[in-house]
Amino acid sequence: MASVSVAVLGAGGTIAPAIVRDLAESEEVASMVLLDLDAARAAAVAAEHGGDKTSAGRVDAHDAAALAAELAGVDVLINSASYRVNLDAMRACLVAGCNYMDLGGLYWMTGRQLELDQDFRRAGLLALLGIGSSPGKTNVMAARAVRELESVESIDVAAAGRDPRASGGFSPPYAVRTLIDELTLAPVVLRHGEPVEIEPLAPGGALDYGPPIGEVETIYTLHSELATFGQSFGCREASFRLSLAPALLHRLRELTTASPEELDRATREAVAPSAETVSVHQVTARGAGLTARGGDLTARGAGLTARGADRTVAVRAVSRPHFGLGGSVVSTAAPAAAAVRLLARGELDATGTLAPERCIEPELLFAELEGRGCSFEVVSTA
């Protein structure tokens, strides 16, 4: 597959413009069709970010037949719409013979999506679940971290974003309703190998994200990584923590009790993040370190450890502005665009319904993202 045709669902949303801009500059992409409930918004994104590769149209993703018709001749769909339409979009892809990617399923939806694995395998297609920043980049960061471990006891994921030019208005980093769901649905963590629900907005304590964010308070939230990490890595403990700017978190707390009409109004009044936002993700894996075999270290940079000795491997990613867009938006968009390029080049050739850690080589993804304003650091300590 030398070049591909791509459809972007939810093209009028917060993240899609950065995906479109990225793909417009990718030689692996021959054409794009941008789809949204609001055709005018999709057309505006096409005009501003898509160049001459792009067309736009209207579709209701809940109408799988209509979406499948729009996907005729398309190689891969990137679903950047609400996670609520993930299953409908996947079924449309099966009808159209189209590969599928999304930005996450908020844990419970991911479990339902994984049930379509055999359908995609039989069709010879890939459904890549959660290939944004978190989930997505963080899943592959976890895969990189556990390479240096003989066995994995725990994996902890943390995400934070800050806007140094925040205007004081309500400026959510992604869809308001998804954020509200993350804050109101019970977070799931792995404890002793079993998923356990904890209280929504449970304090996660202070965490040092390093520069430019530093030490800030966190909360536990519901996230898709926890749906696959146990099976993928065999870890018995896992968690996801989030740090939002205090003013933003305060406003979101207020909206957790808002009516649907109030949420709609808040969404309309939301201010886009500035082009100077920065996003930081950290994945920390703990377990038994690898040993040297045949005189060579099995884990690059791990150092010589005795079998069974405790080791901590931390992978940190910092996403800064790129394409004239803020780092928090680009951080979510760039992994999806990178996955399209890997698919086009035959470097992503798996079939079935898979989480990113199951099918993407860390070095391949990291190299793509480093060209999009993201830097990585791996620290391994005994």
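## Ground rules

Since we're looking at a prediction, local features need pLDDT of at least 70 and side-chain atom pairs count only at pLDDT 80 or more, while totals for chains, interfaces and linings use all residues. Numbering starts from 1 along each chain as its sequence is written, and side-chain values use heavy atoms, with hydrogens and water left out.

Helices (H or I, at least four residues) and strands (E, at least two) are DSSP runs, numbered from the N terminus.

## Two helix pairs

Two packed helices are described by the angle between their axes and the distance between the axes. The axes here are lines fitted to C-alpha atoms, for helices over the stretch in contact, and angles run from 0 to 180 degrees between N-to-C directions. Take H1 (residues 16–24) and H2 (residues 39–50): they pack at an angle of about 40 degrees, and their axes are 9 Å apart. That makes H1 oblique to H2 (under 35 degrees is roughly parallel, over 145 roughly antiparallel, 65 to 115 roughly perpendicular, and the rest oblique). On the H1 side, Pro17, Val20, Arg21 and Ala24 meet Val45, His49 and Gly50 of H2; contact means heavy atoms within 4.5 Å. Sorted by class, the residues of this H1 with H2 contact are four nonpolar, two polar and one charged. For the classes, Ala, Val, Leu, Ile, Met, Phe, Trp, Tyr, Cys and Pro are nonpolar, Asp, Glu, Lys and Arg are charged, and the others, Gly among them, are polar.

Now for H12 and H13 (residues 362–370), whose axes come within 9 Å and cross at roughly 120 degrees. H12 and H13 are therefore oblique to each other, and H12 passes H13 in a right-handed crossing. Ala334, Pro335, Ala338, Arg341 and Leu342 are the H12 residues here, and they meet Leu364, Leu365, Glu368 and Leu369 in H13. This contact of H12 with H13 has seven nonpolar, no polar and two charged residues.

Ile78 sits in strand S4 (residues 76–79). With 0% relative accessibility, Ile78 counts as buried (buried is under 20% relative accessible area, exposed over 50%, partly exposed in between, using a 1.4 Å probe and protein chains only). Leaving out residues up to four places away in sequence, Ile78 touches Val6, Ala7, Val8, Leu9, Ile19, Leu23, Met101, Ala336 and Val340. Val196 is another story: it lies 118 residues from Ile78 along the chain, and their C-alpha atoms are separated by 31 Å.

Thr218, in strand S11 (residues 215–220), is buried too, at 4% relative accessibility. Its side chain reaches the backbone oxygen of Gly205 at 2.7 Å, a polar contact being a pair of N or O atoms within 3.5 Å; within protein, one must be able to donate a hydrogen and the other to accept it, and residues adjacent in sequence count only if both atoms are side-chain atoms. Beyond four places in sequence, the residues that Thr218 touches include Gly205, Tyr209 and Arg241. Thr277 is in the loop between helix H11 (260–269) and strand S13 (278–289), and Thr277 is buried with a relative accessible area of 4%. The side chains of Thr277 and Ser328 are joined by a polar contact of 3.2 Å. Setting aside neighbours within four places in sequence, Thr277 is in contact with residues including Arg162, Asp163, Arg320 and Ser328.

Two cis peptide bonds are worth a look. From Ser134 to Pro135 the bond is cis, with omega near 10 degrees, and Pro135 is in the loop between strand S6 (126–128) and helix H7 (137–146). A cis bond also joins Pro211 and Pro212, with omega about 10 degrees; Pro212 belongs to the loop between strand S10 (203–208) and S11.

Tyr107 has phi near 65 degrees and lies in the loop between strand S5 (99–102) and helix H5 (108–114); at 10% relative accessibility, Tyr107 counts as buried. Phe323 has a positive phi of about 60 degrees, in the loop between strand S16 (310–319) and helix H12 (327–344), and Phe323 is buried at 16% relative accessibility.

Definitions and conventions. Left-handed = near helix turned anticlockwise from the far one by under 90°.
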